[in-house]
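Welcome! Below is a protein chain to explore, and the report that follows walks through it step by step.

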Amino acid sequence: MTESFRRSGDHQNPYQGAQQHASSPVNPEWPPPPAYQPTHQAAAGEAPTTLLTEPVAQPPRSRRRPRGPVALLAAVAIVAAAIGGGTAYGIQELTGNDTAATSSSTSANVVPSSQKGTVSGVAKAVSPSIVEINAQSNAGSSTGSGVIITGDGEIITNNHVVSGASTVKVTTSDGKQYTADVVGTDSSKDLALIKLQNASGLTAATLGNSDGVQVGDEVVAIGSPEGLTGTVTSGIVSALNRDVTVSTDEGQQQQGGGGNGQWPFEFGGQQFNGDTGSSTTTYKALQTDASLNPGNSGGALIDMNGNIIGINSAMYSAAGSGSSDAGSVGLGFAIPINTVKADLAKLRSGSQN
């Protein structure tokens, strides 16, 4: 606060002093100044007398809210509480709603914040939800992968992994083995739903929103290529809405589902990994350069928040190549997870087609 000083003998305007006093900060604990009492000018020989006046009523002083550092700190504390980890709780307290708001699947963070955006973080968070599937039929055997979607053992996989199977065995990430029943199949989308027998307490995956996926997004693939359970690879989304054509013939599906077999598919008018046969279906797929190999079919394509955005279904390997140069060349395809979610009711109803 700036103070002014008056030299002795300087003339001071009384009204000016009053104005300066009124503009100065007032401490509510200071006593109010005495009321002004004018004196009567006495005549010659009289003593001066003081005029008695009624005291002027002072308006009640209201307690002013602090507008300095204390108020600023209080405001900052409120904002910080809303932005920090207590956001959902704060919103519930303000709205009185006991039910936490559900956020978009693409923004759900399955991966711990300390490992967000890392392949290792995604692998650690999602691997418990990925299984290896071994199916046996009269046509042969197939090895593939699957994604747990409920704690009691519902698993999504490809139709070509389990179609026509007489027995289905499933191995979870912790090495436990289960027998599974085929609940429903949809060959037109190359999807199947199986259910583990006597299973509980499993870690269900978080299904994302494939409509929000963009070309260039980083992704992680988890599956069991060549029976190597829990194999993790990574890459990016290379393209969207690729028309992929696969076979719906059960015998051919079993032969191409795993082992050294390669699942045949068509893309762009060309056939890859063999002949798809006369009975085929076409679906829109996500293309990725994450390494996929036989046995990855039915496994998960995952975004960097740990959400499942696709079910891996087809991968290209050089036709006619031997074991020395066979393998992924960065052309893999996955069924968008929104297609899976739209088909779940049909699969759960027991549809077999």
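## Before we start

Two residues are in contact when heavy atoms of theirs lie within 4.5 Å. The model is predicted, with local features needing pLDDT of at least 70 and side-chain atom pairs counted only at pLDDT 80 or more, while totals for chains, interfaces and linings use all residues. Residues are numbered from 1 along each chain as its sequence is written, and side-chain values use heavy atoms, with hydrogens and water left out.

## The chain as a whole

The protein chain holds 7 helices and 17 strands. Both kinds of element are DSSP runs numbered from the N terminus: helices are H or I runs of at least four residues, and strands are E runs of at least two. Among contacts between residues at least 6 apart in sequence, 66% join residues at least 24 apart.

How much of the chain is buried? Of its 353 residues, 37% are. Here, buried means under 20% relative accessible area, exposed means over 50%, and partly exposed is in between (1.4 Å probe, protein chains only). The chain exposes about 20200 Å², and carbon and sulfur atoms supply 51% of that area. These areas come from the Shrake-Rupley method with a 1.4 Å probe; for residues, only the protein chains shown count as cover.

## Nonpolar cores

In soluble globular proteins, nonpolar side chains tend to be buried together. A nonpolar core is a set of buried Ala, Val, Leu, Ile, Met, Phe, Trp, Tyr and Cys residues joined through side-chain atoms within 4.5 Å. The largest one in this model has 31 residues, and I156, V244 and I308 have the most contacts inside it. Helix α7 (residues 337–348) gives the most to this core, with 4 residues. Apart from it lies another core of 16 residues, including A135, V161, V162 and L202.

Which residues does V244 contact, leaving aside neighbours within four places in sequence? They are F265, E266, T281, T282, Y283, A285, A314 and F333.

Side chains of opposite charge can pair when their charged atoms come close. A salt bridge is a side-chain nitrogen of Lys or Arg within 4 Å of a carboxyl oxygen of Asp or Glu, and the model has 6 of them. In one, R348 pairs with E154, their closest N and O atoms being 2.7 Å apart. R348 lies in helix α7 and E154 in strand β5 (residues 154–157), so this pair ties together parts that are 194 residues apart in sequence. R348 is partly exposed at 42% relative accessibility, whereas E154 is buried at 14%.

D343 and K189 also meet in a salt bridge, at 4.0 Å from N to O. This pair links distant parts of the chain, 154 residues apart: D343 is in helix α7, and K189 is in the loop between β7 (177–186) and β8 (191–196). D343 is buried, with a relative accessible area of 3%, while K189 is partly exposed at 28%. K189 forms a salt bridge with D186 too, with the closest N and O atoms 3.6 Å apart; D186 is buried at 0%. Together, D186, K189, D343 and K346 are linked in a network of salt bridges.

## A buried serine

S145 sits in strand β4 (residues 140–148). Is S145 buried or exposed? It is buried, with a relative accessible area of 0%. The S145 side chain reaches the backbone nitrogen of S224 at 2.9 Å. Not counting residues up to four places away in sequence, S145 touches several others, among them V131, I133, T157, G223 and N296.

How values were computed
Polar contact = N/O pair within 3.5 Å; in protein donor to acceptor, adjacent residues only side chain to side chain.
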